[in-house]
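Biologist: I have a structure open on my screen and would like to talk it through with you. Could you put it up here, and then take my questions as they come?

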Amino acid sequence: MRRAIVTGTATVAGVILLLSLKPHNSGAGAVSSKVISSGGSSSSSVSASGGSPGSSPSGSAASSGASGASAPAGASRTVTGSAIDTRYGPVQVRVVLDGKKISRIDVIQYPDQSGRDQEINSYALPQLNQEAIAAQSAQIDVVSGASYTSDGYTRSLQSALDQAS
Amino acid sequence: MTTPLRHAEHVMGTVFSFTVRDPGPGTAAALRRAVERLHRIDRVFSTYRADSDISRLGRGELTLDRCDPEVAEVLERCRETAAETDGWFSERPGGELDPALDPSGWVKGWAIEESSRILRAAGSAQHSVGGGGDVQTCGGPWRIGIAHPLRPGALIAIVAGHDLAVATSGTAERGPHILDPHTGRPATALASLTLIGHHLARTDAWATAVFAMGPDRALRWAADRPEVEALAVLPDGTTRHTAGLPRHLAG
């Protein structure tokens, strides 16, 4: 099951806080930059859980096509998801995989025409990045409470992961 | 173990995701029917479409008996929900400030539950359907993370079980958007409210209503309803829950 937001079967205790690391605090900097990143070198505490049963491949009926390039086979590959049109504009993510595990997600395109979009995106996209990375360590099938702005992100991420599988 | 079949569908201004753990020969066709059902519900009930039955009914261009028959049914469910929540749910959620007809508080959860019903009717006993942050599962166990409304990237809880419906109402991603039907102004006394039940249509509509109540009334209301458990997150990050909630938490 490669889908990061919807994945896994293992067990984790009780009421937990998934991440000890702080999300990128995307004040002015991350909003104006075109790339919002999560993971990378700062994600070591997340990826420390190692290869998990939730990261085995799965089929997908998702209709979204994938466009993007894979790096040569090796420890780490980069896959770019489709640009997904949302009500507010296109959203596109790029995923770095270490083996079958997501180590980094960059949002390379997102709507930022209005102040409201920036307000939403500066918050929601880093949050979604962390959720996607965190969900695969916590073995979550699905998340309740993340809505709306997640649609383009989810689809682009899905297309990247479909392509990687 | 069979590979789960997954599908993501963009409809109703959000994304619906399907995971079928027990796919069979009829699953692909059932998924197509479920997705068609979602688009059809959107065409009839969307308040963003000027030509939907609900928009035309609201403008007085259609009478109820000329609408799709499900419109009358949905409005009846809205009235039931309003009665069950002491008027904290409304098919006119803008109150007197904006008395437009908008049964969306019922429609999305109902649409998700309908999708699950279609999959069940086609023989699936193991699937989940999520849309816009609300989830209906069939079979199980399923592990459902509840997003922390105040801490980006964190979950505040993980629930696990069989045949669960989980609905979260909150201000985190969209800002204050649930209106107190009594005032027409945004409800802000809670950061998020999650209800865990078994049937998403009702659970989701209740979550919307109960969110608007604020914490004290919300918890009292949920404690009187054996069908649901509640987890409330206050704007300062403290949590409150009904006595029965812990039995749903993943252990």
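Predicted model: local features only at pLDDT ≥ 70, side-chain atom pairs only at ≥ 80, totals over all residues.

Biologist: Fine. Where is Arg6(B) found?

Modeller: Arg6(B) sits in strand 1 of chain B, which covers residues 5-11.

Biologist: Is Arg6(B) buried or exposed?

Modeller: Arg6(B) counts as buried, because its relative accessibility is 1% and the cut-off for buried is under 20%. Its side chain is joined to that of Thr19(B) by a polar contact of 3.2 Å.

Biologist: What sheet do the strands of chain B form?

Modeller: Eight strands form an open sheet with antiparallel pairing, in the order 1-2-3-4-7-8-9-10. Strand 1 and strand 10 (239-241) of chain B stand at the edges, and each has a single partner strand, so one side of each is left without a neighbour in the sheet. From one strand to the next, the twist averages 10°.

Biologist: And which helices pack on that sheet?

Modeller: Helix 1 of chain B packs on the sheet and touches strand 1 and strand 2 (14-20) of chain B, with its direction at about 15° to that of strand 1. Helix 4 of chain B, residues 104-121, also packs on the sheet, where it touches strand 2, strand 3 (127-131) and strand 4 (134-138), and its direction makes about 155° with that of strand 3.

Biologist: Now chain A. What pLDDT does chain A average?

Modeller: Chain A averages a pLDDT of 50, and 27% of its residues score at least 70. Confidence is highest in strand 2 of chain A (residues 76-80), at 86, and lowest in helix 2 of chain A (residues 44-47), at a mean of 24.

Biologist: Over which residues of chain A does pLDDT stay under 50?

Modeller: Among them are residues 40-73 of chain A, for which the model has 75 contacts beyond four places in sequence. Residues 116-123 of chain A also stay under 50, and there the model has 22 such contacts.

Technical notes
Residues numbered from 1 in each chain as written. Chains lettered and ligands numbered in written order. Heavy atoms only, no water. Helix = DSSP H or I, 4+ residues; strand = E, 2+ residues; numbered from the N terminus. Buried < 20%, exposed > 50% of the residue type's maximum accessible area, 1.4 Å probe, protein only. Polar contact = N/O pair within 3.5 Å; in protein donor to acceptor, adjacent residues only side chain to side chain. pLDDT = per-residue confidence, 0-100. Contact = heavy atoms within 4.5 Å. Pairing = 2+ DSSP bridges. Axes fitted to C-alpha atoms, helices over the stretch in contact; angles between N-to-C directions.
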